[in-house]
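Here are a few friendly notes to read alongside the model. Have it open as you go through the points.

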Amino acid sequence: MNLNRLGISLAHLLPPELSNKLSLEGLKLLYNLGLLSSMSNQGFQNSTGDQILNLNFPNKIGVAGGLDKNADYFHVLGKLGFGFVEVGTFTLKPQSGNPKPRVHRFTKEKNIVNSLGFNNVGVYQGLKNVERNKLSFDGVLGISIGKSKETKTINAYKDYLHLIDYVHDQADYIAINISSPNTENLRDLSSESYFRDLIEKIMNKKDQLNGGFSQTKPFILKISPDESKENLEKILMSCLEFKVDGIILNNSSIEHDKKFKGGISGNYIKKLSEDNLTFAKQICGDEISLISSGGIMTKEDVAKRINLGADLVQLYSGFIFYGTDLLKSSLEI
Ligand SMILES: Cc1cc2nc3c(=O)[nH]c(=O)nc-3n(C[C@H](O)[C@H](O)[C@H](O)COP(=O)(O)O)c2cc1C
């Protein structure tokens, strides 16, 4: 058994939330001791890099939002070989999230159900962590932002506009998360009555930060896999209209048969994510960069998403279940 598989087997003996934290702490310890390079995939990295969203990605494989909620580990994940890491999701103030247990792992089927609810240290502390760890990070850094639990839907845009002001200088790209299933009413933001207005306000903000020039930090929208085709089409059309730079398809799904509350990730949403990506590619063509997330568990999945039109892919559950083996094999494609 290799070191990676041994580590995963040991970690999976513990409750999921604790084991995630300990695994990341373990990696950080190896990093601090200078021992991580032996596990890293530097040799497999694309030497020229990929120009996407006007950014130079060392490779197309990234870490999805929520694995490094507080920006404590992205430099370590970069050292492992990931081309980009999306930290957060940050809210304006610190939040403790929903009651525990709130992460459930289905090891045989390779699925995770979580109802965390944006537990994070808040954007102020989060940015301090970003500032510190960015010094040791060569990849592309996405910062994910979301509305606070107590913010009413009608005022949600204010949270996003404030958060953009906070994170704009530090982020290489900003991920606007309107799709977590674990903050009550968050997904209302993608409904017809709110979405167009919200995205217009957000993209106007981008123009203001820009001072009218077309070059600025890319704004990327992360959407839910549970939209009806009809609404997904409307969302995508608005993204085209307001020139959203990128779309992440997709977050976890609430449509599942598990007895736990929350969104499901992993194998269960593979087909859903592939279908949504295919649909988005049909509508958006090459106008908007597409980032695929959801059920990417093998290097074949990575290759398939790229074939279906993804410019970049993000791992979460696949990394939890297969660790660096998945990253390493994906970088060999
Ligand atoms: C425990 C857990 C926490 C998550 N937290 C966030 C989050 O804070 N922000 C976010 O945008 N996505 C979050 N996600 C969703 C993932 O980023 C990803 O989009 C989703 O899990 C689908 O990918 P996967 O099937 O590869 O896991 C979370 C997922 C899990 C399993």
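1. Where is Lys110 found? Lys110 sits in the loop between β5 and β6. Its phi is positive, about 65 degrees, although Lys110 is not a glycine. Most residues other than glycine have a negative phi, and most peptide bonds are trans. Helices (H or I, at least four residues) and strands (E, at least two) are DSSP runs, numbered from the N terminus.

2. A word on the basis of these notes. This is a predicted model, in which local features need pLDDT of at least 70 and side-chain atom pairs count only at pLDDT 80 or more, while totals for chains, interfaces and linings use all residues. Residues are numbered from 1 along each chain as its sequence is written, and side-chain values use heavy atoms, with hydrogens and water left out.

3. Two peptide bonds are worth a look. A cis bond joins Gly88 and Thr89, with omega about 25 degrees, and Thr89 belongs to strand β4 (residues 84-90). Another cis bond joins Leu249 and Asn250, with omega about 15 degrees; Asn250 lies in the loop between β10 (246-249) and β11.

4. Next, a helix pair. The axes of α6 (residues 192-210) and α7 (residues 229-241) come within 10 Å and cross at roughly 15 degrees (axes are lines fitted to C-alpha atoms, for helices over the stretch in contact, and angles run from 0 to 180 degrees between N-to-C directions). The crossing angle therefore makes α6 roughly parallel to α7 (angles under 35 degrees count as roughly parallel, over 145 as roughly antiparallel, 65 to 115 as roughly perpendicular and the rest as oblique). On the α6 side the contact (heavy atoms within 4.5 Å) is made by Glu192, Phe195, Arg196 and Ile199, and on the α7 side by Asn231, Lys234, Ile235, Ser238, Cys239 and Glu241. By class, this contact of α6 with α7 has four nonpolar, two polar and four charged residues (Ala, Val, Leu, Ile, Met, Phe, Trp, Tyr, Cys and Pro count as nonpolar, Asp, Glu, Lys and Arg as charged, and the others, Gly among them, as polar).

5. Now for α8 (residues 270-284) and α9 (residues 299-308), whose axes come within 9 Å and cross at roughly 20 degrees. That angle makes α8 roughly parallel to α9. Lys270, Ser273, Glu274, Leu277, Thr278 and Lys281 of α8 meet Asp301, Lys304, Arg305 and Leu308 of α9. The contact of α8 with α9 has two nonpolar, two polar and six charged residues.

6. The largest pocket holds about 940 Å³ of space. (On a 1 Å grid over the protein atoms alone, a pocket is an open set of points where a 1.4 Å probe fits, with protein on both sides within 12 Å along at least five of seven lines; lining residues have an atom within 4 Å of a point. Grid points are joined across faces, edges and corners, and a volume is the space filled by probe spheres set on the points.) Its lining has 50 residues, with Gly66, Leu67, Lys69, Leu116 and Tyr316 nearest the centre. α2 gives the most to this lining, with six residues. By class, the lining has 17 nonpolar, 24 polar and nine charged residues.

7. The second largest pocket has a volume of about 510 Å³. Of its 22 lining residues, Gly7, Ile8, Ala11, Ser23 and Leu27 lie nearest the centre. Here too α2 gives the most, with eight residues. The lining of the second largest pocket has 13 nonpolar, nine polar and no charged residues.
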